[in-house]
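Try each task with the model open before you read the solution.

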Amino acid sequence: MGRGVTLWFTGLSGSGKSTLAQHITPILKAHGCKVEMLDGDEVRQNLSRGLGFSKADRDTNIKRIGWVAKVLTRNGVVTVAAAISPYRGVRQWCREQIGDFVEIYVDCPLEVCEARDTKGLYARARAGEIKQFTGIDDPYEPPEDPEVVVHTAEESVEQSVQKILARLRELGYL
């Protein structure tokens, strides 16, 4: 496969974006794809250091991920982006910039995400230690028409990955 595409995983913190991205990446490589993963936490440390969590800073962070994804995608790379990306408007901007864009909504109830909270972020946000935390005191705007919706509270990782792969086949990317 020489055609690039961006797989854009969006959802609340703890919904399973990075887990799914990490599971699908080697499968795509086994299909002969060139693959790069852009994880939201890693991008914040390396490309977006210094940005806060205001809406403007979040939009800047997501636009940076989108720009990198656009460059990779146009060069035939399957780009796996896993970032909360809470705002519809900036996700739409990324879609328009990138072109070959598959939005994957990692739908998981807030209470399940909180129960999975391995980093303790939700507890800190509820205690007021973290401000502007998505899902607590900052909004998450779910996609209105994503190419794929996975329900990680009910589906196994394998079931969600298979759903995504099936949709990529339907769309002609695999």
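## Exercise 1: Contacts and overall form

Task: work out what share of the contacts in the protein chain, between residues at least 6 apart in sequence, join residues at least 24 apart.

Solution. Start with the rule that a contact means heavy atoms within 4.5 Å. Among contacts between residues at least 6 apart in sequence, 75% join residues at least 24 apart.

Before going on, a note on the ground rules. This is a predicted model, in which local features need pLDDT of at least 70 and side-chain atom pairs count only at pLDDT 80 or more, while totals for chains, interfaces and linings use all residues. Residues are numbered from 1 along each chain as its sequence is written, and side-chain values use heavy atoms, with hydrogens and water left out.

The protein chain holds seven helices and five strands, in the order β-α-β-α-α-β-α-β-α-α-β-α along the sequence.

Finally, check the size. The radius of gyration, taken over C-alpha atoms, is compared with a globule rule of 2.2 Å times the number of residues to the power 0.38. For 174 residues, a compact globule would have a value near 16 Å, and the 15 Å of the protein chain agrees. Along the principal axes, the C-alpha atoms fill a box of roughly 50 × 35 × 25 Å.

## Exercise 2: The nonpolar cores

Task: find which residues touch the most other members of the largest nonpolar core.

Solution. Buried means under 20% relative accessible area, exposed over 50%, and partly exposed in between (1.4 Å probe, protein chains only). A nonpolar core is a set of buried Ala, Val, Leu, Ile, Met, Phe, Trp, Tyr and Cys residues joined through side-chain atoms within 4.5 Å. Buried residues make up 45% of the 174 residues.

Now look inside the largest core, which has 22 residues: Leu7, Phe9, Leu28, Val80 and Ile104 touch the most other members. At least two residues of this core come from each of strand S1 (5-10), helix H1 (17-30), S3, strand S4 (101-107), S5 and helix H7 (157-170). A second, separate core has 13 residues, including Leu38, Ile62, Ala81 and Tyr87.

Then follow isoleucine 104. Beyond its neighbours within four places in sequence, isoleucine 104 contacts Leu7, Trp8, Phe9, Thr10, Val148, Val150 and Ile164.

## Exercise 3: A serine in a loop

Task: list what serine 13 touches, not counting residues up to four places away in sequence.

Solution. Locate serine 13 in the loop between S1 and H1. Its relative accessible area is 15%, so serine 13 is buried. The residues that serine 13 touches are Ile84, Cys113, Leu121, Tyr122 and Phe133.

Key
Helices (H or I, at least four residues) and strands (E, at least two) are DSSP runs, numbered from the N terminus.
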